[in-house]
Amino acid sequence: MNTSQLESLLNWRYAVRKFSEQTIAQDKVDKLIELTGLSASAFGLQPYKIIQISKQSIKKALLPHSYGQQKVLDNSHLLVFAADMSPLDSQVERYIQDFKANRNLDELVYAQMELGMKDALHTMDCASQYSWCSEQAHLALGTLLLVAASMEIDVCPMTGIDKVAYDDVLGLSSLNLRTVLIAPIGIRDSTDVNANTSKVRKSRDLLHIEV
Ligand SMILES: Cc1cc2nc3c(=O)[nH]c(=O)nc-3n(C[C@H](O)[C@H](O)[C@H](O)COP(=O)(O)O)c2cc1C
């Protein structure tokens with residue numbers, strides 16, 4: 001894909017407020033999630049999970065915790081990005097195992113990597129782990145928005161929800177997960193108020209400084 005094609009995609013996508021009744025095929029959703037998994041993340045740990053909610057009954061239970069945002073119910077699939085709150089040491093150990101399976105390096109290198117990662121992460125308390133995991137999840141969201149656009153899938157990235165209530169409804173604490181953001185996906189409805197509106201963005205002067 002060249003830059004002008006990428007620019008078209010960035011202009012094509014927008015945060016959809018109203019989805020049509022069309023459903024996205026599961027194999028497309030699978031591809032979207034697979035490619036989102038290629039996002040960069042600190043240390044490569046990807047400390048989040050993407051939960052797919054297909055059942056209307058669960059979406060209905062989440063709606064009262066979404067500040068009246070009906071698109072939480074009316075979409076093809078609802079994705080929830082959740083921070084992985086399991087012990088960071090165990091996340092590092094899992095990563096090192098995967099790393100070993102992919103690379104052919106001296107054992108000492110893996111041991112040093114593991115020590116270095118654990119050392120860098122060991123000061124995190126629960127609040128800072130959640131905040132750090134959230135940053136990584138937001139990076140993945142950026143990838144998801146772009147990949148979705150390339151597949152003509154619409155998305156509304158959302159943090160305007162009661163995350164604690166989402167955790168309760170989805171039973172996330174027993175899985176060591178905490179809600180970060182959600183992304184309803186589907187196909188834009190032709191009556192969506194936000195369809196065909198122009199982008200509101202900072203001018204280059206406000207966005208960029210040179211020092
Ligand atoms: C992290 C994040 C959270 C957002 N939360 C909401 C939300 O709760 N409800 C909503 O309608 N839009 C939400 N948006 C969409 C933004 O309002 C939208 O991306 C922004 O106005 C730029 O417009 P565009 O994405 O249509 O180009 C969110 C976007 C991001 C990136």
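# Reading a predicted fold: sheet, helix face, cysteines, rings

In this predicted model, Ile 53 has Leu 78 of β2 as its bridge partner.

User: How do I read that pairing in general, and how many bridges join β1 and β2 here?

Analyst: Start with the general idea. Strands of a sheet pair through backbone hydrogen bonds, either parallel or antiparallel. Here β1 and β2 pair over six bridges, in the antiparallel sense.

User: What is the strand order of the whole sheet?

Analyst: The order is β1-β2-β4-β3. The sheet is open, has four strands, and its pairing is antiparallel. The edge strands are β1, residues 48-53, and β3, residues 154-155; each pairs on one side only.

User: How many bridges join β2 to β4?

Analyst: Eight, with the two strands running antiparallel. Look at Leu 78 again.

User: How covered are the strands β2 and β4?

Analyst: Both are mostly covered. In β2, eight of its eight residues are buried. In β4, nine of its ten residues are buried.

User: How do I read the face of a helix?

Analyst: An α-helix has 3.6 residues a turn, so residues three or four places apart point the same way. Now take α2. Its buried residues are Val 29, Leu 32 and Thr 36. Seen down the axis of α2, these buried residues fall within an arc of 60 degrees, so they line one face of the helix.

User: What covers the buried residues of α2?

Analyst: The cover includes β1, β2, β4 and also α6, residues 126-150.

User: Is Cys 126 buried or exposed?

Analyst: Exposed, because its relative accessibility is 53%. Exposed starts over 50%. Now compare Cys 156. That residue counts as buried, at 3% relative accessibility.

User: Now the rings. How many aromatic pairs does the whole structure hold?

Analyst: Two. One is Tyr 95 with Phe 99. Their ring centres are 5.7 Å apart, with 40 degrees between the planes, and the pair is tilted.

User: Where do Tyr 95 and Phe 99 lie?

Analyst: Both lie in helix α4, residues 88-102. They are four residues apart, about one turn of the helix. Tyr 95 is buried, with a relative accessible area of 16%. Phe 99 is buried too, with a relative accessible area of 14%.

User: What is the geometry of the pair Phe 99 and Tyr 110?

Analyst: This pair is edge-to-face. The centres are 6.4 Å apart and the planes make 80 degrees. Phe 99 lies in α4 and Tyr 110 in α5, residues 107-121, so the pair ties together parts that are eleven residues apart in sequence. Tyr 110 is buried, as is Phe 99.

User: Which residues form the aromatic cluster?

Analyst: Tyr 95, Phe 99 and Tyr 110 form one cluster.

User: Finally, how many helices and strands does the protein chain have?

Analyst: Eight helices and four strands. From the N terminus on, the elements run α-α-β-α-β-α-α-α-β-α-β-α. The C-alpha atoms fill a box of roughly 60 × 45 × 35 Å along the principal axes.

User: What share of the residues counts as buried?

Analyst: Of the 211 residues, 40% count as buried. For contacts with a separation of 6 or more, 80% come from residues 24 or more positions apart.

How values were computed: Residues numbered from 1 in each chain as written. Predicted model: local features only at pLDDT ≥ 70, side-chain atom pairs only at ≥ 80, totals over all residues. Heavy atoms only, no water. Pairing = 2+ DSSP bridges. Buried < 20%, exposed > 50% of the residue type's maximum accessible area, 1.4 Å probe, protein only. Arc of directions from axis to C-beta. Contact = heavy atoms within 4.5 Å. Phe/Tyr/Trp six-rings, centres within 6.5 Å; stacked < 30°, edge-to-face > 60°.
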